[in-house]
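Colleague: Hi! I'm new to this one, could you walk me through it?

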Amino acid sequence: MSTIALSDRQGRAASAGMWLFIASIVMFYGALFSGYVLLRAGSPVWETPWRTGPAAEWPIAVDHWFRTMWLGFAVMQSRRLAGEGVAIAGLPRFSWLVGLAGTAFVWRCVYIAGWLASQGLVPAMSVPLACWYVLTGTVALLVAGGTIAAVWVALERVPAAQRARRGAMLQRYWLLMLVLWLTTVGGLYLV
Amino acid sequence: MTRLTDHKTLGIAYATTAGVFMVVGFLLMLLFRWQLAWPGQPIAVATAIFGETNAPGGILLPEFYYQLVAMHGSVMIFLAVVPMAVGALGSYFVPLQIGASGLAFPRLGAAGYLLYLAAGVLMAASFVLPGGAANSGWTSYPPLAIIASSGQTVWLVGILMLGVSSMLGAISVLATIVAYRAPGLTLMRLPFFVWSQAMTALLLLLAFPALQGAAVFQLMDRVAGTSFFLPSGLAVSNTPLAVSGGGNPLLWQHLFWFLAHPEVYVLILPAMGVVAEVITAHARRALWRYGLMVGAVVALGAWSMVVWAHHMLLTGMSTTLSSFFQITTMAVSVPSVILITSLVVTLWGGAIRYTTAMCFALAFLPMFGLGGVTGLPLGLGPSNLILHDTYYVIGHFHYLVAPGTMFALFAATYHWFPKVTGRRLDERLGLVHFIGSFVTMNAVFLPMFLMGIMGVNRRMYDAGLQYQLAEPTLAWNPHMTWNAVALGVFQLVFLVNIVWSAKRGTPAENPWQATTLEWATTSPPPAGNFAEPPIVTGAPYRYEEEGA
Ligand code: HEM
Ligand SMILES: [Cu+2]
């Protein structure tokens, strides 16, 4: 009769916990997004003022490209932390770089929201705009949470094996962020 | 906080807090039941307690009545029954039943509890706001909920907090079951209660986020002036509302019921789990067709996520959609019937011991049956047309949650009290509690079916004084109210029993000679639960081999 080692169990619990957490975020975002789809499908007109006009000092597509890259970078870095990615240099880099990428992401979201608001395009103006703010804001909030977690994990003093496990969990989270972000961009800007 | 990381302390903290909210919910109910029995007649002390704004001259104002009703439902469901069935029973007994020393993420569990406590206090405190607490029903339908007073904002914030809380709790319980089962404890050897808790946690985890999403939308509508749920051209008291409009009130109903129907299974599945444990132990028989029951509880949980729009059959959805939801609703009764049947057949040939726990568990069966059967006419369009929004609906779901889930919670208390305290509850007081509760519960809720069939609407401040069809039922209301009061008195017997027995009750280790793992350690269990990690070699219920 073999008893499973305690650390093994902790790993299994953590992994299960992360999947469950991801599932519940998918449901949360899914509720918001299906609300968006239903509202849009039920509206005779659907104006998208955020798509046109100089939303910032450069085309919005550039902005999307950057934000997507930053999330991709976070995925890669956590992959490295998990010991799965390509080893480039020492780990400490991870902390401030992902912190920076995440912060930059949130900053762009807030910046564009501020710009829209300054043009009088506030959430109360129309249902489409309200959707823009809620969907973008939700992703920004979730990314902010991931950023804090990533920095925390990087600064934490734990054994290498444990750190690798956290990296694996972060990687899943950032992948989820990437998916949510692409869904949001697709829904708000492309379709 | 440190102590709350122990799953037993956590369970007791949940039980105590949920117990307090249960009393709060009950008192709210007594107040509005008084109004229903004697509409518009002053309550002597009401002004002194609730102030001139709520009860001038002792008469409950409609505005206050609706706060009472909305908060009764919200408190009972979100702050009392679910935390009791999931937070308390789940945290305390799941680790014990799987032979673990605690929960997988003790700090998450503790954080979940603290969030729940904060949300509960916040929501209860909203009564002191100008305009009082939330008053748009526990269902918070817009547009009403959006133009309601600020108590609704607090309600929404509370719901968001509760969502996070139940997510933390659910993750903690599920990960524990996944990773910390005793060696040899395969999935098909888990006690049925653990299965029911796992399914419940999964439902909370997957369904609650929909309500959180909806709460975000509604919060935006209330504080940021958006129109997610506000149609164009809405006027309140003939004044057009200064909003953009263009939203859809039915969207709320979809998102709300996508949570709230599974939520009713969150109320019933743990109850099923408890009743199964009690019946098998007190009838000295292994559960009949355990595997089938596990399949049924999984199916029930999964299926409960595709029936939600049976609450909206009259909202003008297409006939295709309506047929879909009528069919899924009829089908959901199949696994319920399987579960009930298995439990009844388990009794067959058993050596039944009529303990108080067993009496409550046995009473659960027909009460749940009545609640379930009365759901079927509600799930079919033509009969729903007549019954929707009447007292019949109130009767239907109260049979499931009041003599249903509540009886299961009572059974759990009598069954597991020795586990928690090392002492038994007094059986004579228990019998009084049981008989009293059984009689008064039915006296309160049975007439509601008839009232509903006669056409009396729910949520009427004056019990229907204005309607001729309600006339014959007006005289029933005082009887129902007195029975509700009596029900409360019998719960006092229960409380006395708990307090008295915790100190003076007969000491007992495993008074029911139960074979599940939680009884394989001392009562109460020591820190870390098991002196030696148990090793499991067989099925959870071994009453026949033992020859008890
Ligand atoms: C065979 C199983 C069931 C069926 C077919 C069924 C069907 C229904 C239907 C169609 C309604 C909507 C009535 C209306 O508003 O017109 C309803 C309401 C309700 N049911 Fe059930 N039900 C079942 C089981 C349950 C269970 C197990 C619970 C809880 C433990 C439950 C709790 C509720 C509640 C709380 C409501 C009322 C919600 C509200 O409007 O405030 N039901 N049921
Ligand atoms: Cu339902």
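Predicted model: local features only at pLDDT ≥ 70, side-chain atom pairs only at ≥ 80, totals over all residues.

Modeller: In chain B, the axes of helix H3 (residues 62-97) and helix H6 (residues 151-179) come within 11 Å and cross at roughly 20°. That makes H3(B) roughly parallel to H6(B).

Colleague: Is the crossing of H3(B) and H6(B) left-handed or right-handed?
Modeller: The crossing of H3(B) and H6(B) is left-handed.

Colleague: And which residues in H3(B) and H6(B) meet?
Modeller: From H3(B) there are Met71(B), Ser74(B), Phe78(B), Leu79(B) and Val94(B), and they meet Trp155(B), Ile159(B), Leu162(B), Val173(B) and Ile177(B) from H6(B).

Colleague: Which residues in H4(B) and H6(B) meet?
Modeller: Quite a list! On the H4(B) side they include Leu108(B), Gly109(B), Ala111(B), Gly112(B) and Leu115(B). Among their partners in H6(B) are Val154(B), Trp155(B), Val157(B), Gly158(B) and Met161(B). The residues of the contact of H4(B) with H6(B) come out as 16 nonpolar, 5 polar and no charged.

Colleague: Nice. New topic: what are the protein donors of the copper ion (ligand 2)?
Modeller: The copper ion (ligand 2) has His261(B) through ND1, His310(B) through NE2 and His311(B) through NE2 as its protein donors, lying 1.8 to 2.0 Å from it. Along the chain, the donors of this copper ion follow the spacing H-x48-H-H.

Colleague: Where do His261(B) and His311(B) lie?
Modeller: His261(B) lies in helix H8 (residues 249-282) of chain B, while His311(B) lies in the loop between helix H9 (290-303) and helix H10 (319-347) of chain B, so the pair ties together parts that are 50 residues apart in sequence.

Colleague: Does His261(B) count as buried or exposed? And what about His311(B)?
Modeller: His261(B) counts as buried, at 6% relative accessibility. His311(B) is partly exposed, with a relative accessible area of 23%.

Colleague: How many Å separate the iron atom of ligand 1 from the copper ion (ligand 2)?
Modeller: The iron atom of ligand 1 and the copper ion (ligand 2) are separated by 4.4 Å.

Colleague: Let me switch to the backbone. Which residues does a cis peptide bond join?
Modeller: One cis peptide bond joins Pro142(B) and Pro143(B), with omega about 0°. Pro143(B) sits in the loop between H4 and helix H5 (144-147) of chain B. Another cis peptide bond joins Ser523(B) and Pro524(B), with omega about -10°. Pro524(B) has its place in the loop between helix H16 (476-504) and helix H17 (543-546) of chain B.

Colleague: Why point those out?
Modeller: Because most peptide bonds are trans, and most residues other than glycine have a negative phi.

Colleague: Which residue other than glycine has a positive phi, then?
Modeller: Arg459(B) is one of them, with phi near 60°. Arg459(B) is placed in the loop between helix H14 (427-453) and helix H15 (471-474) of chain B, and at 31% relative accessibility it counts as partly exposed. Gln513(B) also has a positive phi, of about 50°. Gln513(B) is in the loop between H16 and H17 of chain B and is partly exposed, with a relative accessible area of 36%.

Colleague: Last one, over in chain A: is Gly186(A) buried or exposed?
Modeller: Gly186(A) is buried, with a relative accessible area of 14%. Gly186(A) lies in helix H5 (residues 160-190) of chain A. The C-alpha atoms of Gly186(A) and Val134(A) are separated by 15 Å, and the two residues are 52 residues apart along the chain.

How values were computed. Residues numbered from 1 in each chain as written. Chains lettered and ligands numbered in written order. Heavy atoms only, no water. Axes fitted to C-alpha atoms, helices over the stretch in contact; angles between N-to-C directions. Helix = DSSP H or I, 4+ residues; strand = E, 2+ residues; numbered from the N terminus. Parallel < 35°, antiparallel > 145°, perpendicular 65-115°, else oblique. Left-handed = near helix turned anticlockwise from the far one by under 90°. Contact = heavy atoms within 4.5 Å. Donors = N, O, S within 2.8 Å, 3.2 Å for Na, K, Ca; no water. Buried < 20%, exposed > 50% of the residue type's maximum accessible area, 1.4 Å probe, protein only. Nonpolar A, V, L, I, M, F, W, Y, C, P; charged D, E, K, R; others polar.
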